[in-house]
Amino acid sequence: MPADPAHTATVVTSRAIRAGHEEDFERWAVALNALADAAPGYRAAIRLGQTAGFQHLLFRFDDRASAEAWHESSDVRAHVAIADGWSTALRQVQSGDHIAFDLPSDASASKWKRFVTTWLTVFPVLLLVSLGVRTVLKDVPLPLQLLPSSLLLTATLQWIILPRLQRYTRFWLLQDRSGRLQT
């Protein structure tokens, strides 16, 4: 007999994965799906991936009691503890047919953390680019020196530095004071 949609429960677990642990996450997610599949009241699972290193796992159960029993089981708790070693998580549970979740995203990152990591990355690149351009174009007026400097800095940031910076710092940028993902 199908579950009553008004009583079904959805568990959403969002994870920011540390760089270098993407394959660990893949294996972990497969095993978590197997644990859910074997749980009483389990209905379905959906995985939503954002940018590299950011994943949302959705599990649907007949009711909130089934969802909580699954999550509180010793096997699932032990499995979650494994992922906590290389990712930061936020778990949300809602019951009913029409539900809404606030999912963490890169926009959730703390502004001060983003400022610090960006500045620490931009400053040495800006220093090197400026030094190189000033050495090559030393007799050229400043606005003409800034033109290639700004183009080199922007291109380097856009295609090389910021994607790597985001990948390696997302785990930290998105944590709140308790170590959970923030929305």
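Leaving aside its neighbours within four places in sequence, with which residues is Val-125 in contact? Val-125 is in contact with Leu-153, Thr-156 and Ile-161, where contact means heavy atoms within 4.5 Å. The structure is a predicted model, in which local features need pLDDT of at least 70 and side-chain atom pairs count only at pLDDT 80 or more, while totals for chains, interfaces and linings use all residues. Residues are numbered from 1 along each chain as its sequence is written, and side-chain values use heavy atoms, with hydrogens and water left out.

Val-125 lies in helix H4, residues 111-136; helices (H or I, at least four residues) and strands (E, at least two) are DSSP runs, numbered from the N terminus. Arg-167 is 42 residues from Val-125 in sequence, and their C-alpha atoms are 18 Å apart in space.

Beyond its neighbours within four places in sequence, Leu-32 is in contact with Leu-57, Phe-59, Trp-70, Val-76 and His-79.

Two packed helices are described by the angle between their axes and the distance between the axes. Axes are lines fitted to C-alpha atoms, for helices over the stretch in contact, and angles run from 0 to 180 degrees between N-to-C directions.

| Helix pair | Axes come within | Crossing angle |
|---|---|---|
| H1 and H3 | 11 Å | roughly 165 degrees |
| H2 and H3 | 5 Å | roughly 60 degrees |

The angle for the pair H1 and H3 makes H1 roughly antiparallel to H3, and the angle for the other pair makes H2 oblique to H3; angles under 35 degrees count as roughly parallel, over 145 as roughly antiparallel, 65 to 115 as roughly perpendicular and the rest as oblique. Trp-70, His-71 and Glu-72 of H2 meet Ser-74, Val-76, Arg-77 and Val-80 of H3 in their contact.
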